Amino acid sequence: MGDFNLALVIVAVVVSVLVLLVSVYLLINYQHPDDANQAYFPKLVVVLGLTVAVLSILMLPADVANRQACSKAVYSGACNLTLPMKTLWLVVYIVDAVLVFLVIPFAMFYYEGDQDKSVGKRLRTALIWVVASAVVCGLVLGILYGLVGKVDFTVRHLSSSVETFPNSFSLSSGQPCINSSPRVCAASTAQANSLTTWTMRATFPEYVVALTTIVGSVLFTIFGGVGIACLPLGLIFSFVRRPKAVITRSQYIKEATELGKKARELKKAAEALHQEERSGKKGRKFRKNVKAVEKELLLLEDDMKALEEMYPQGEKAEATWAFTVLGYIGKLIFGVVGLIISIAWVAHIIIYLLVDPPLSSFLNEVFIKLDGVWGLLGTAAFAFFCFYLLIAVIAGEMMLGLKLVFITIHPMKWGGTLMNSFLFNVGLILLCSISVIQFCATAFAYYAQATAAQEIFGHTLQSLRGIKYLYKYNVFQYGFVALAILTLFYYVIFGWRKRKPTGRFQLSN
């Protein structure tokens, strides 16, 4: 069968089915009881989005394995029987863009529509918003593609005269040409003015992927830079702030009474906002108050969970406390491991991407040596580092969602996640997954060389007119490292402190 790797195709099919099953499992266990046996369309979108996001992350390791399956081919075009990775990349990321900019917004508009309206009116309202967004996005994409949708490749123009092939000859570093007099065939002797620019128009699918990657890269730089530090440090400082002992019953009653007062205040605030919504008043102040209530409710739930940890009840109170202690020990262990991975990531970015020429290929060499130990060990480690980066993005979004007022809080909780929160987080994962793959393809360019991802994300994307300067000057890499360092200082200064009660809650007048 030549270079055709049947095992790779089987693994790809099996992994795709497993990812689909895991997505369904996450939906069932994370969904809120209020959404049980309803909201089937948003649930279908969530499962599809999670599946596409996870498969897009796994496609880069699959691309590397696909390249290795073609190692005996003399040139890339001779390998026609393995997975068509470039086509798969474009299909997955076009689907990704459609989900992020069309399907998920439609599902959110429909789900969050006024429940008092009929299904037809909710569908019409959601469709109007999505069509308006699609028209604007289509016009922007069309105009940009028509004006600057070109790729500029810098090439060196070489030429030489034609010589009759001699019967006998010898070539060496001192004699690189057949004819020793005009050594114009040696690239090393080409003049500086031989550099020229080769311009060609990019395909529209590649341009859509490129612009989507830019949007995702901005979010990835912010959330990923914060998350790469707060993910492990949050676990470690959670262990530092853990409850040291079980509190007394009188302390429990006192704290529970305070939380009860806070809960009643939030209930009154929510009822007032509901009345305001029914009256049609949904201005800027209303949205600000809704976000304030969401934030306070989330903090109240955290306080209730902490109180239950400090005073376990029931017949198995001692066992519950023991599991609580073991849970915090587990957080410490995972936090330390995560901190090592985060340090490795930041160090790799600095010494391989920001230093010119690179000091070392670092993790690229590690993956190659792991492949030497066992064929898929390096690929598995490579996939793990890519997944860790995506998890760091989600951790950064969750942290900043509590700190910045212009970001809507959409927490993910086991058995308590509404579909609008699910859709929001899936959209964020999809949008950032493109940038995670592009970032990994750049950071591990040596390990992932000669892959279809390198062709799309390494050459085409970084040569697009206007966009190429963001990559030429490593704007996203510098921002990522800077935010990681700032987050580290934040945790060193404030991370060990316990959150103080916010006091009496009031809505803005």
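**Reading helices, a salt bridge and a cavity**

Tutor: Exposed means over 50% relative accessible area, buried under 20% and partly exposed in between, with a 1.4 Å probe and protein chains only. This is a predicted model, in which local features need pLDDT of at least 70 and side-chain atom pairs count only at pLDDT 80 or more, while totals for chains, interfaces and linings use all residues. Residues are numbered from 1 along each chain as its sequence is written, and side-chain values use heavy atoms, with hydrogens and water left out.

Student: Which residues of H9 are buried?

Tutor: Helices are DSSP runs (H or I, at least four residues), numbered from the N terminus. In H9, residues 363-373, the buried ones are Leu-363, Asn-364, Phe-367 and Asp-371. They are on the same side of H9 because they cover an arc of only 110° around the axis. That arc is taken from the directions from the helix axis to the C-beta atoms.

Student: Which residues of H14 are buried, and why do they line one face?

Tutor: They are Phe-476, Gln-477, Phe-480, Val-481, Ala-484, Thr-487 and Tyr-491. Down the axis of H14, these buried residues fall within an arc of 135°, so they line one face of the helix.

Student: How many salt bridges does a search of the whole structure find?

Tutor: A salt bridge is a side-chain nitrogen of Lys or Arg within 4 Å of a carboxyl oxygen of Asp or Glu. The search finds one. It joins the side chains of Lys-262 and Glu-296, at 3.1 Å from N to O. The pair links distant parts of the chain, with Lys-262 in helix H6 and Glu-296 in helix H7, 34 residues apart.

Student: Are these two residues buried or exposed?

Tutor: Lys-262 is buried at a relative accessible area of 16%, and Glu-296 is buried too, at 12%.

Student: What lines the largest cavity?

Tutor: Rolling a probe the size of a water molecule over the atoms shows where empty space is left. On a 1 Å grid over the protein atoms alone, a cavity is a set of points where a 1.4 Å probe fits but cannot get out, and lining residues have an atom within 4 Å of a point. Here the lining is Ser-217, Phe-220, Ser-435, Gln-438, Phe-439, Thr-442, Tyr-471, Phe-476 and Gln-477. H11 gives the most, with four residues.

Definitions and conventions: Helix = DSSP H or I, 4+ residues; strand = E, 2+ residues; numbered from the N terminus. 1 Å grid on protein atoms, 1.4 Å probe; cavity = no way out; pocket = protein on both sides within 12 Å on 5 of 7 lines; lining within 4 Å.
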